[in-house]
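Open the model in your viewer and get your selection tool ready. We will stop at a few places and look at what is there.

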Amino acid sequence: MEFKQVTLNASMLYFEDSISEEVLNRVQHAFHTMRSMEGITDITPSYTSLLIEYDSSLLSHETLENLIKKSLQETHSNVTTQQKHIKIPTDYSKGEDLGSVAKYHDLSIEEVIHLHSSTTYRVYAIGFMVGFAYLGTLSSKLFTPRRSTPRAKVPKGAVAIADHQTAVYPQQSAGGWNIIGHTDFDNFASFSIGDSVEFVRI
Amino acid sequence: MAFKVLQSGLFTTIQDEGRKGVAHLGHCNSGALDIYAYHWSQKLLTNVEENALEVMVGLKLEATKPTTIAITGADLGLEINGAYKEPWQTYAIKAGDILHFSKRITGQRAYLAVKGGFDTPRYLGSFSTTIKEGFGDKLKIGDTLPYDATTGTPPAKVKKEYIPNYETLLTLHVILGYQHTLFSNKEKEKFFNNEYEITLQSDRMGYQLSGEGVFAKSENLISEGIAFGAIQIPKDGQPIILLKERQTIGGYPKMGTVLAEDCYALAQRGPGCKIQFGPYTIK
């Protein structure tokens with residue numbers, strides 16, 4: 001664990017420099033432990049770290065470091081109670097890139113759908129745009145590079161994959177991920193770091 | 001009714017101190033780009049947690065009720081009924097007055113506050129317009145900005161010593177706390193010993209600079225939270241200072257973070273203006 005001051009009212013808490021589910025659990029735990037601390041104004045968790053912003057008239061980097069160390073030791077057990085399981089009903093019949101993804105991996109479309117919908121994912125980060133949750137980890141058989149030419153318009157609700165991750169576009173936007181399905185799921189504000197997510201074929 | 005928008009101006013939005021406690025959902029802080037000038041607009045009117053218009057240039061308003069305004073930040077040639085008014089003070093306004101930000105004299109962003117604040121919607125606790133998140137929009141001709149009619153607000157003025165000069169060469173003080181070890185000493189020397197120019201790609205999200213390229217040892221980083229003022233340096237070596245509407249997370253290498261107060265001063269500089277970086281040590 002490393003705690004670095006980045007500006008007068010913000011510090012970064014780093015756990016490890018590689019991504020894993022174990023590190024995600026620690027990030028999730030730290031997020032829930034620190035959320036209610038007085039003086040903290042914002043926390044941005046992501047993969048292996050948390051950016052912690054605070055009111056510098058109430059907290060300093062040093063007092064915060066002591067508080068965090070103490071509280072993370074005290075409450076090391078009850079993480080899972082905070083975790084939600086989110087189901088995303090997914091229509092795979094019109095995935096624009098389903099064919100090219102299958103071809104890339106030398107799989108059938110049916111196999112791609114099965115591999116995508118039979119994995120339980122976790123929320124590793126939220127960002128890029130509001131409610132965009134980076135979900136990991138795809139079956140290694142589905143690791144797929146981004147499209148060489150991003151689409152100008154990826155529709156809201158597009159279920160897409162890129163590299164080792166999958167995601168749902170919370171609103172229409174430009175994007176380079178491969179679209180393999182679509183959903184009417186609209187509760188993007190419910191995603192929280194560490195939640196588990198499942199795509200249910202409809 | 002209150003202010004009627006006769007000309008929308010270059011880019012006019014309602015702002016306050018921004019949103020807090022929602023970064024984990026992917027919302028940017030938003031808020032006034034120059035918080036220093038914004039705070040003075042509130043203090044002059046003894047407003048508490050209200051709001052102000054962030055004005056670039058060209059905005060023209062007609063008042064339909066009396067109020068007192070405070071004007072701070074850039075000098076955008078404010079005319080009230082055709083007569084020039086200096087910024088950093090209050091002015092009493094009566095029904096029928098025409099306010100026009102006629103031309104850019106110094107700075108980029110003026111703050112126009114009214115006594116008691118504008119009665120506009122809050123989104124997740126903040127008045128701040130954030131167009132990309134669907135929170136409000138820039139002002140358009142015909143919009144109205146409601147406020148409560150008030151009279152008798154005592155006049156107030158910011159003392160000269162507190163009024164910034166936007167014409168000086170700005171030094172952005174950098175805390176090297178973040179990921180500076182990704183940059184060799186040679187790259188850091190280039191960064192601190194050269195002047196950079198503000199490009200046209202500069203807005204509420206961030207200021208893109210142009211100058212001597214600075215290159216990181218590694219480019220593929222794990223995405224992490226981005227602080228206000230973070231200096232992101234993508235592959236082309238040109239620094240971007242990330243401001244109020246930055247993305248919440250990102251994976252580009254960061255040299256460090258510009259002190260918040262220097263970011264406020266940066267927001268008053270426009271394209272073509274030169275800046276330099278200087279190291280800052282936290283006491």
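In what order do the five strands of the open sheet in chain B lie? Select chain B and read across: β2-β3-β10-β5-β8, with antiparallel pairing. Strands here are DSSP runs (E, at least two residues) and helices are DSSP runs too (H or I, at least four), numbered from the N terminus. Two strands pair if DSSP finds at least two bridges between them.

A note before moving on. This is a predicted model: local features need pLDDT of at least 70, side-chain atom pairs count only at pLDDT 80 or more, and totals for chains, interfaces and linings use all residues. Residues are numbered from 1 along each chain as its sequence is written, while chains are lettered from A and ligands numbered from 1 in the order in which they are written.

**The sheet of chain B**

Colour the edge strands, β2 (13-15) and β8 (89-93) of chain B; each pairs on one side only. Neighbouring strands of this sheet are turned by 30° against each other on average, direction ignored.

Now select β5 (67-75) and β10 (106-114) of chain B. They pair in the antiparallel sense over six bridges. Find B:Ile69; its bridge partner in β10(B) is B:Val114.

Next, pick helix α1 (35-44) of chain B. It lies across β2, β3 (52-55), β5, β8 and β10 of chain B. The helix runs at about 160° to β5(B). Such angles run from 0 to 180 degrees between N-to-C directions, with axes fitted to C-alpha atoms, for helices over the stretch in contact.

**Where the chains meet**

Show both chains. 24 residues of chain B are in contact with 30 residues of chain A (C-beta atoms, placed from the backbone, within 7 Å).

**Two domains in chain A**

Colour chain A by domain: domain 1 (2-82) and domain 2 (85-201). These bounds come from an automatic or database domain assignment. Their C-alpha centres lie 28 Å apart. 10 residues of domain 1 of chain A are in contact with six of domain 2 of chain A. On the domain 1 side, α1(A) gives the most, with six residues.

**A hairpin in chain A**

Select β6 (120-126) of chain A. Five of its seven residues are buried (20 or more other C-beta atoms within 10 Å of their own, placed from the backbone).

β6(A) pairs with β7 (133-136) of chain A in the antiparallel sense over four bridges. In β7(A), A:Tyr134 is the bridge partner of A:Ala125. Which residue in the turn of this hairpin has a positive phi? Click on A:Phe128: its phi is about 65°.

Terms used:
Two residues are in contact if their C-beta atoms, placed from the backbone, lie within 7 Å. A residue is buried if 20 or more other C-beta atoms lie within 10 Å of its own, exposed if 12 or fewer, and partly exposed in between; C-beta atoms are placed from the backbone.
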